[in-house]
Amino acid sequence: MEEGLGQNSVPPQGPIDKSRILDVKPLRSLIPIFSMASQASPSAQYPSGFSPFFPFGAPQQTPTGGTTGGAATPTPIRAYRSPLGAGDTGSTMEGFTDQDTYGKKKRGSPQPRRAAKSSVDKPKKSQEPPVDLGDLVGISPAQRDDGSREVVNLVLMSFDALRRRLCQLEEAKELSSGSIKRADLKACNTLMTRGIRTNMRKRIGSVPGVEIGDIFFFRMELCIAGLHAPSMGGIDAMHIRGEFEEETLAVSIVSSGEYDDDAEDSDVIIYTGQGGNFFKKDKHTIDQKLHRGNLALDRSSRQHNEVRVIRGMRDGANPNSKIYVYDGLYKIQDSWIEKAKGGGGVFKYKLIRTPGQPSAFSVWKSVQKWKSGSSERTGFILADISAGAESIPVSLVNEVDNVKMPTQFNYFHSLRHPKSFSLMKPSHGCACTKACVPGDLNCSCIRRNEGDFPYTGSGILVGRKQLVHECGPTCQCFPNCKNRVSQTGLKHHMEVFKTKNRGWGLRSLDPIRAGTFICEYAGEVVDRAKVSQLVREGDEYIFDTTRIYGQFKWNYEPSAKNFGNVARFMNHSCSPTVFWQPVVYEENNQSYLHVAFFALRHIPPMTELTYDYGFARSDHAEGSSAAKGRKKCLCGSSKCRGSFG
């Protein structure tokens with residue numbers, strides 16, 4: 001955790017009994033604190049864009065400087081309810097025409113559509129939801145040309161928000177006609193036609209706001225972030241005015257692996273050119289030609305300009321999909337022609353990674369070896385800190401100092417002695433015979449979620465809500481119902497690791513998609529009367545929902561000291577990667593409130609998982625940035641508030 005938790009700074013003497021981590025007497029408690037007020041003041045403000053709701057009844061305020069000046073207020077994502085015509089389901093993308101971009105032709109690529117006959121009898125269907133997305137995130141013309149980290153995040157979050165909503169509508173069959181088989185294409189087309197994109201100005205080298213190691217789950221994300229323009233092609237290029245004539249240089253490539261592009265060395269790529277009648281069984285039956293993308297790569301090999309490289313990695317959670325990793329800048333060192341199995345000649349380009357860049361692809365390769373057990377880890381201490389409590393082991397690693405274990409505690413994967421809340425009238429749960437079906441308003445749990453199924457079919461949270469109502473033990477639906485996401489335990493390989501200056505932290509060995517459930521905040525629940533005493537005793541493991549939290553929108557909706565799980569190791573950050581969401585489900589005619597953590601955005605492997613701890617209302621009222629009990633923040637974010645707690 002953050003500063004103030006450095007109890008383990010002195011390495012213990014002698015050999016370490018690793019079992020002590022898991023078999024110890026309780027010391028203190030991990031405490032999610034819930035306000036017990038029966039109702040809130042009508043004039044109260046509430047955390048992070050939420051409207052008033054019990055039990056979060058205490059007044060909330062947005063911290064000073066917590067909002068972006070001049071930014072437009074996001075439109076609720078529920079506005080995307082207009083019927084989408086079947087004519088909108090194709091994979092052709094408006095706004096992608098670019099004579100300076102070249103790509104490899106893939107099998108199954110859609111053919112150009114024939115112009116439909118006009119008819120006065122059939123009204124034209126709406127092409128886009130009736131929402132001005134330009135006002136949604138306030139992208140200015142200058143930001144469309146040249147982005148920043150904040151703008152790139154806004155654009156990508158807007159894309160995924162709309163994509164998730166479209167998936168939700170399709171799965172609930174709320175579309176009056178047709179379907180959206182590729183919600184990513186529809187979402188990207190909508191944003192691009194509305195000007196919600198960035199880094200449109202082409203350039204050689206780095207793209208503002210995109211960092212090495214960033215991950216993307218859809219090719220469309222590469223397009224709207226300005227990292228790689230072609231929606232399908234593997235080579236992106238631009239015209240450059242030379243000394244005597246204009247020439248075309250390659251600016252980025254996507255190494256998808258379909259052409260055996262990856263070499264053994266993580267800093268080297270052997271990239272195959274485009275064209276040559278690529279077939280699955282009979283590869284490259286004719287010679288590739290030195291034109292378009294191949295010509296751009298050939299000229300770049302002579303000019304030695306930097307080329308952005310995006311690597312396509314197999315998605316472990318979905319073998320039929322890929323995750324795209326931005327691996328930084330490369331230069332073409334060599335090129336040649338070789339014969340393919342089908343008899344045709346193909347161009348080969350050897351790219352070498354520019355030295356001194358942060359690691360990206362090499363991290364993925366190392367993680368794969370660690371998970372397979374084929375490579376030893378530096379600083380490895382324990383294979384599973386949960387001692388089997390989690391279905392996936394949680395490793396313990398310290399590459400910083402000689403400390404061998406965190407503060408002793410008993411691993412507990414859920415709330416211990418949870419408190420029940422009268423949030424609704426008691427019931428016996430839903431009566432669904434198998435699994436709850438999106439759009440089925442006969443399901444009482446779906447009705448409690450305002451008629452929307454809160455998760456997509458792949459288990460991704462669609463949007464932040466006041467409360468997410470999940471099916472509970474009293475529901476008749478199957479245990480594998482998609483409306484039990486937060487009750488299924490860890491789904492990613494987690495690792496507790498020692499940070500350089502903030503105690504122990506938590507990260508994942510796996511990539512995590514935005515909206516994915518990470519873990520529940522586990523521990524003991526106590527009432528407000530005991531909080532002051534625990535704070536005086538120095539208990540740092542208190543989850544207080546009545547604190548003030550930095551305002552943010554996600555999808556345009558608004559203590560664990562001796563009992564806890566991996567959540568107790570998540571540090572604070574003013575620019576977090578994770579957010580908390582109240583989740584409730586019924587058991588024995590009582591409603592139990594839980595705090596679940598979800599990914600705020602796509603999180604690459606080995607990236608620390610952090611959330612905003614907020615700070616006490618009393619401190620905010622005093623107007624002091626260094627109020628009593630606040631701790632110095634060491635998150636290092638450009639938006640750091642300086643303190644928290």
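**View 1. Eleven-residue lining: the second largest cavity is lined by 11 residues, with Cys445, Arg448, Glu470, Tyr585 and Glu586 nearest its centre.** A cavity is a set of points, on a 1 Å grid over the protein atoms alone, where a 1.4 Å probe fits but cannot get out; lining residues have an atom within 4 Å of a point. The model is predicted: local features need pLDDT of at least 70, side-chain atom pairs count only at pLDDT 80 or more, and totals for chains, interfaces and linings use all residues. Residues are numbered from 1 along each chain as its sequence is written, and side-chain values use heavy atoms, without hydrogens and water.

**View 2. Helix H8 (444-448) and strand S23 (578-587) each supply at least two residues of the lining of the second largest cavity.** S23 gives the most, three residues. Helices (H or I, at least four residues) and strands (E, at least two) are DSSP runs, numbered from the N terminus. The lining has five nonpolar, three polar and three charged residues.

**View 3. Helix H3 (residues 149-171) packs on helix H4 (residues 183-193) at about 130 degrees, with axes 8 Å apart.** Axes are lines fitted to C-alpha atoms over the stretch in contact, and angles run from 0 to 180 degrees between N-to-C directions. H3 and H4 are therefore oblique to each other.

**View 4. The contact draws on Val155, Ser158, Phe159, Leu162, Arg163, Leu166 and Cys167 of H3 and on Ala183, Asp184, Lys186, Ala187, Cys188, Thr190 and Leu191 of H4.** Contact means heavy atoms within 4.5 Å.

Notes:
Parallel < 35°, antiparallel > 145°, perpendicular 65-115°, else oblique. 1 Å grid on protein atoms, 1.4 Å probe; cavity = no way out; pocket = protein on both sides within 12 Å on 5 of 7 lines; lining within 4 Å. Nonpolar A, V, L, I, M, F, W, Y, C, P; charged D, E, K, R; others polar.
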